[in-house]
Amino acid sequence: MAFNGHCRDDDTSNDNGTPSKQPRSEGNKLGYSRNDADNEAAGPASRATSDRRTSNATSRHQADSVKKARPPFPWFGMDIGGTLVKLVYFEPKDITAEEEQEEVENLKSIRRYLTSNIAYGTTGIRDVHLELQDLTLCGRTGNMHFIRFPTHDLPVFLQMVRSKHFSSLHTMLCATGGGAYKFEPDFRAMADLELHKLDELECLIRGVLYIDSVVSSGLSECYYFENPSDPDHCIQRPYTLENPYPLLLVNIGSGVSILAVYSENNYKRVTGTSLGGGTFLGLSCLLTGCSTFEEALELASQGESTRVDKLVKDIYGGDYERFGLPGWAVASRTRLGSCISLPQVTHVITSFNSSFGNMMSKEKRESVSKEDLARATLVTITNNIGSITRMCALNEKIERVVFVGNFLRVNTLSMKLLAYAMDYWSKGQLKALFLNHEGYFGAVGALLELLHPS
């Protein structure tokens, strides 16, 4: 997929920072010199030598232009969400001996700290499995690293930034997400940094398109679940996002935003919901006493939502035959991907059940476990997202849906439920797609803005 979201070796920048193609040399465009005439008379050998010199001069000019246009290291992009902060860092791997001698110690210290650790403090994590190697950005070759930490630990991050004297290298950081506005005074006061605040939806789309374009030459960034309605044959398959438009982009973070994307620069926010990953974690903490997203998912993987929710059979006494909705009077124990039971999958796409409806009964409240409550919470949130997404796809007449966001991180349960729901109600016409870098696309878009201002 073609994407113009980063510096290229054949680009230069004009006075307003907008990239423009450098014209290929065809001799001296400003005048025809005597040397040119002599070369014409000297024959093919002289002309070839002249052409080589001109070509080399053009290449040097292009390289110098790119070098002048790109910002100094280090290169970061940041997405400050309601629950997580996502940080993308580009580590140059083509540093020359001369550059290394000229590097200030602060820059070396930051690079060593970020790349030699996979954990930072008690909550910061570098997702090593997502690292992208040997990328070329603005004429430099290096690796892209993906780091996350809870938003409530942002003060710890700012203290680290201050201790590494980051402001001596950059006075501004490209950031997106609501936190870029909320925490801007903290960046000024604690780290002596200004934030270049960017639109999060624009960064999201830019990041998705870029990552898909650079990963497509190797392992696929995008994937789907084949045969989502068949528990015995439901498997993950790679998917190539060639000619992706139009697509529905569903970003599930603390809340949910749904975008209809018709081209790289033509998109709109269709709708959203406040019931997202933040709702799942908050309710799980309240109902089960867990304290992290990972703990909540682990509990959910061991529970049965059907003990918490009313099903069709609880309301109708059996199937709702007119619409072909099974009552699941005898719940199948078959597993989808070894972790999802078919009653729960169908439960997700059924609007005739009642989430947490069984909890009106004191007897049933006393019989449910923390695991059941976590599972029911996960199914309820996923149910809501799936229903809204399906309606948006119908209204916008879009048959390709891409789900992203940190709610889906290590959350195969919800991904398979969403895949089943999209496939079931559309009779196989609507495909649910997922991306490996899930919640980092906004931060990638912010990094690209640093290197190539839009």
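**View 1. Arg148 and its salt-bridge partner Asp127 in the predicted model.** Arg148 is buried, at 12% relative accessible area (buried is under 20%, exposed over 50%, partly exposed in between; 1.4 Å probe, protein chains only). Arg148 forms a salt bridge with Asp127, with 3.0 Å between the closest N and O atoms (a side-chain nitrogen of Lys or Arg within 4 Å of a carboxyl oxygen of Asp or Glu). Asp127 sits in the loop between strands S6 (124-126) and S7 (132-137) and Arg148 in strand S8 (residues 140-150), so the pair ties together parts 21 residues apart in sequence (strands are DSSP runs of E, at least two residues; helices of H or I, at least four; both numbered from the N terminus). Asp127 is also buried, at 6%.

**View 2. The salt bridge between Lys86 and Asp79.** The closest N and O atoms are 3.9 Å apart. Lys86 is buried at 9% relative accessibility, and Asp79 is buried at 12%.

**View 3. A salt-bridge network of Glu184, Arg188, Glu194 and Lys197.** Arg188 and Glu194 approach to 3.0 Å between their closest N and O atoms. Arg188 is partly exposed at 40%, as is Glu194 at 33%.

**View 4. Strand S19 (residues 431-435).** S19 runs parallel to S18 (residues 400-404), joined by 4 bridges (strands pair if DSSP finds at least two bridges between them). Lys431 is the bridge partner of Arg400.

Residues are numbered from 1 along each chain as its sequence is written. Local features need pLDDT of at least 70, side-chain atom pairs count only at pLDDT 80 or more, totals for chains, interfaces and linings use all residues, and side-chain values use heavy atoms, without hydrogens and water.
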